[in-house]
Amino acid sequence: MEGLEGKKATGTLRHTQGPQMARSEQRTANCERLILIMAGGAGTRFWPASREEKPKQFLDILGTGKSLLRQTYERSTKLVSSDRIFIVTNVVYADRVQEELPELKAEQIFLEPSRNNTAPSIAYATLKLQTKYPDAVCLVAPSDHIISDEDAFVDIVQMAMSYADSHDALLTLGISPTRPDTGYGYVKYNREHSDDGVFPVVQFMEKPTLDTAKEFLASGNYLWNSGMFIWSLKSVLEAFDQHARGITDILRKGNDVYFTKHEAQFLQTHYPETEKISIDYAILERAKNVHVIPASFGWSDLGTWLSLYDHLPADKEGNITIHDPVVLDNCKGTLVHTTDGKLVVASGLQDFIIVCENDVVLIFPKDREQEVKAIRGKLKSPGLEKFL
């Protein structure tokens with residue numbers, strides 16, 4: 001997951017939950033159901049299409065006519081009404097979110113003044129939501145994922161929300177792996193202990209080597225970490241208080257000003273004080289009530305150009321073109337993404353990525369595409385920052 005970048009994973013964490021989690025006090029049967037869409041990421045591995053001013057969640061990366069954020073929102077309306085969908089994003093993207101989702105009121109768009117990773121982001125949004133919906137269950141979903149089987153997705157989220165409504169559980173959706181992918185994090189789970197299709201998590205593992213990924217796939221005990229979570233607001237805040245109390249201690253000071261004109265000033269002063277840490281490290285690798293639901297609904301986190309290539313149908317030579325015009329001669333296994341009607345002509349290439357933007361052309365071997373983020377980092381020098 002992108003939220004884990006910048007901090008080394010040890011891969012040694014464990015959960016020793018038994019076969020059946022403890023039942024919490026039964027909540028209201030018809031509790032509020034909310035969706036929180038996280039749309040503040042920079043999408044650095046999708047450069048040069050994704051830029052700091054317009055990261056990938058605001059792009060029509062698939063050539064469908066709709067941005068990834070728009071697709072996520074429309075998928076969410078199959079689960080809840082539009083007034084129960086909330087966006088958390090960086091303050092610099094406020095106008096872009098409103099342009100993409102004009103159906104939403106300004107109060108449904110939560111604005112972070114700084115990028116402090118996913119744990120503070122989720123804690124802030126959860127505390128704010130709890131002031132209006134204290135007994136709600138919430139799906140937390142990234143804004144830049146692809147889901148091709150939306151009916152299957154809706155079914156499994158509805159089941160997960162029902163489970164979270166009556167259990168003190170932090171649920172994650174784990175994707176059944178189809179290949180030994182080294183670009184995803186993994187969740188190890190206890191397949192011997194199912195509670196209506198919900199399994200205790202044993203361990204979170206960061207992106208493995210290819211050999212390790214092959215072992216994970218062969219064992220059958222690992223799922224891809226989707227980065228989608230379902231829990232009651234009460235349960236996740238209890239987990240924050242137990243494992244990352246420093247974050248909630250700071251942000252609870254704003255309980256009286258959330259949804260008021262004083263909120264922005266409170267956040268400007270206090271939000272940057274929170275620890276910069278992902279939800280995985282802060283909560284999920286420490287809590288003992290984390291469970292996973294194995295799922296399969298045509299998912300991709302679309303983290304890199306290679307993940308986009310793997311998701312889209314190729315021609316008989318294994319080539320994929322997004323937008324026209326493109327002319328390929330004697331090319332195989334190559335992805336071409338062009339914009340603004342620029343013609344791309346390539347010959348004799350095999351397994352390459354070509355991205356043609358208005359001011360940048362990227363030509364990169366597919367087997368090295370994980371290095372795009374590092375290459376982008378080299379542009380932070382005088383005269384080149386404008387290309388970021």
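1. W299 counts as buried at 8% relative accessibility, where buried means under 20% relative accessible area, exposed over 50% and partly exposed in between, with a 1.4 Å probe and protein chains only. The model is predicted, so local features need pLDDT of at least 70 and side-chain atom pairs count only at pLDDT 80 or more, while totals for chains, interfaces and linings use all residues. Residues are numbered from 1 along each chain as its sequence is written, and side-chain values use heavy atoms, with hydrogens and water left out.

2. The count of aromatic pairs comes to 16. Rings of Phe, Tyr and Trp (its six-membered ring) pair if their centres lie within 6.5 Å; planes under 30 degrees apart count as stacked, over 60 as edge-to-face and the rest as tilted. F153 and F297 have ring centres 5.3 Å apart and planes at 80 degrees, so this pair is edge-to-face. Because F153 lies in helix 4 (residues 150–166) and F297 in the loop between strand 10 (290–295) and strand 11 (299–300), the pair ties together parts 144 residues apart in sequence. Helices (H or I, at least four residues) and strands (E, at least two) are DSSP runs, numbered from the N terminus. F153 is buried at 4% relative accessibility, and F297 is buried at 2%.

3. The rings of W224 and W299 are tilted, because their centres are 6.3 Å apart and their planes at 40 degrees. W224 lies in strand 9 (residues 222–232) and W299 in strand 11, so this pair ties together parts 75 residues apart in sequence. W224 is buried, with a relative accessible area of 3%.

4. One aromatic cluster is formed by F86, F110, Y124, Y133, Y258, F259, F266 and Y271. The charged end of K128 sits over the ring of F259, 4.7 Å from its centre. K366 lies over the face of Y309, 3.6 Å from the ring centre. The rule asks for NZ of Lys or CZ of Arg within 6 Å of the ring centre and within 35 degrees of the ring normal.

5. The largest nonpolar core has 49 residues, of which L170, W231, F240, L251, I283 and L284 touch the most other members. Helix 3 (residues 118–130) gives the most to this core, with seven residues. A second, separate core of 46 residues includes C31, L79, V80 and Y222. A core here is a set of buried Ala, Val, Leu, Ile, Met, Phe, Trp, Tyr and Cys residues joined through side-chain atoms within 4.5 Å.

6. The whole structure has zero disulfides, a disulfide being a pair of cysteine sulfur atoms within 2.5 Å. The sulfur of C356 is 15 Å from the closest cysteine sulfur, in C331, too far for a bond. C331 is buried at 3%, and C356 is buried at 8%.
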